[in-house]
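I opened my notebook to get to know a new protein.

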Amino acid sequence: MRKLGRIIRDISELMNNLCQVDIYLNDDNEENYKNMVRLIANGTNFVVYKAEGRYHFAPSRFVGYLNNDLLTHLVKNNGKHGWYTSPAIDSIIGHTRTFNQALENEYLRFCDRLGITPKHMVDTQRKYWLLDNKQNNIYAEEYYEGSLQQALVNRYERNPIARKKCIEKYGCICQVCGMDFGKVYGELGNGFIHVHHIVPISAQKGEVHKIDPENSLVPVCPNCHAMLHKGKLSIEELRKILGK
Ligand SMILES: [Zn+2]
Ligand SMILES: [Zn+2]
């Protein structure tokens, strides 16, 4: 069983978790998306920040544990509790959570956008920690953009239609090292290849849906693919390293 991380201690640990929430909300894995929106619908305390002109709400009990993920978080009776996470977030953000009617309205709008019904509050109110401008800018620029960009890239690389078009153009041959799984493994390897996205999403802001599969995706073997991501390299740069 995966163990819950320790309570977070600083703003970067918090921001890593905010990122994780945003990634789940943009995940094409339906299970992840559903579980995350359910936590948001049932939450009572939220870390609030603005990204792309909109408010986002991250449930404190999820973001309060180091490097949290849904697989770990959703284990029953694993010791998670708002009693522990709230004071930690108070001290990281620099003020305590409070009810705020304007943020409550924004929260309801956020739920609306996600298509969820927020928990009905009976004797208590939802409370919010709003990141200050400086914290918010750091999150938006250094965390949100990068992680979401990566999530979108991953999604394009797995998109079956884009993948098909890319393979029609290049064949199932690694464009870095020339590996052809069909040649090496015979029948078993036929049609096996990864697809890598070469145009940075940030270069096409505002039209991320208009991806051009024939020019932005290339087939690569899993080894070369891993190295491309690890070194943040272009196809040409990796070819050079391999002496191709
Ligand atoms: Zn390769
Ligand atoms: Zn890739």
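This is a predicted model: local features need pLDDT of at least 70, side-chain atom pairs count only at pLDDT 80 or more; totals for chains, interfaces and linings use all residues.

Here are my entries, from the whole chain down to single residues.

**Entry: the overall picture.** I looked up the secondary structure and found 12 helices and 5 strands. The C-alpha trace spans about 65 × 40 × 30 Å along its principal axes. I also checked burial: of the 244 residues, 25% count as buried.

**Entry: contacts along the chain.** I took the contacts between residues at least 6 apart in sequence and asked how many join residues at least 24 apart. The share is 72%.

Entry: Next I turned to an open sheet of 3 strands, which has the order 2-1-3 and mixed pairing. Which strands stand at its edges? I found strand 2 (54–59) and strand 3 (127–130) there. Each has a single partner strand, so one side of each is left without a neighbour in the sheet. Ignoring direction, neighbouring strands of this sheet are turned by 35° against each other on average.

**Entry: one strand pair.** I followed strand 1 (residues 45–51) to strand 2 and saw that the two run antiparallel, joined by 6 bridges. Here I could pick out a facing pair: Ala-51 stands opposite Arg-54 in strand 2.

**Entry: a helix across the sheet.** I then looked at helix 6 (residues 101–114), which lies across strand 1, strand 2 and strand 3. Helix 6 runs at about 85° to strand 2.

**Entry: the cores.** How many residues does the largest nonpolar core have? I read off 28. Those with the most contacts inside this core are Leu-14, Leu-18, Val-21, Val-47, Ala-58, Val-63 and Tyr-139. Helix 1 (residues 11–25) gives the most to this core, with 6 residues. I also found a second, separate core of 14 residues, including Tyr-156, Cys-166, Ile-193 and Leu-228.

**Entry: Ala-58 up close.** I wanted to know which residues Ala-58 touches, leaving aside its neighbours within four places in sequence. My list reads Leu-18, Val-21, Phe-46, Val-47 and Val-63.

**Entry: Pro-160.** Last, I went to helix 8 (residues 160–170), where Pro-160 is found. Is Pro-160 buried or exposed? I counted 8 other C-beta atoms within 10 Å. The cut-off for exposed is 12 or fewer, so Pro-160 is exposed. I also compared its place with that of Leu-18, which is 142 residues away along the chain. The C-alpha atoms of Pro-160 and Leu-18 are separated by 29 Å.

Key
Residues are numbered from 1 along each chain as its sequence is written. Chains are lettered from A and ligands numbered from 1 in the order in which they are written. Helices (H or I, at least four residues) and strands (E, at least two) are DSSP runs, numbered from the N terminus. A residue is buried if 20 or more other C-beta atoms lie within 10 Å of its own, exposed if 12 or fewer, and partly exposed in between; C-beta atoms are placed from the backbone. A nonpolar core is a set of buried Ala, Val, Leu, Ile, Met, Phe, Trp, Tyr and Cys residues joined through C-beta atoms within 7 Å. Two residues are in contact if their C-beta atoms, placed from the backbone, lie within 7 Å. Two strands pair if DSSP finds at least two bridges between them. Axes are lines fitted to C-alpha atoms, for helices over the stretch in contact, and angles run from 0 to 180 degrees between N-to-C directions.
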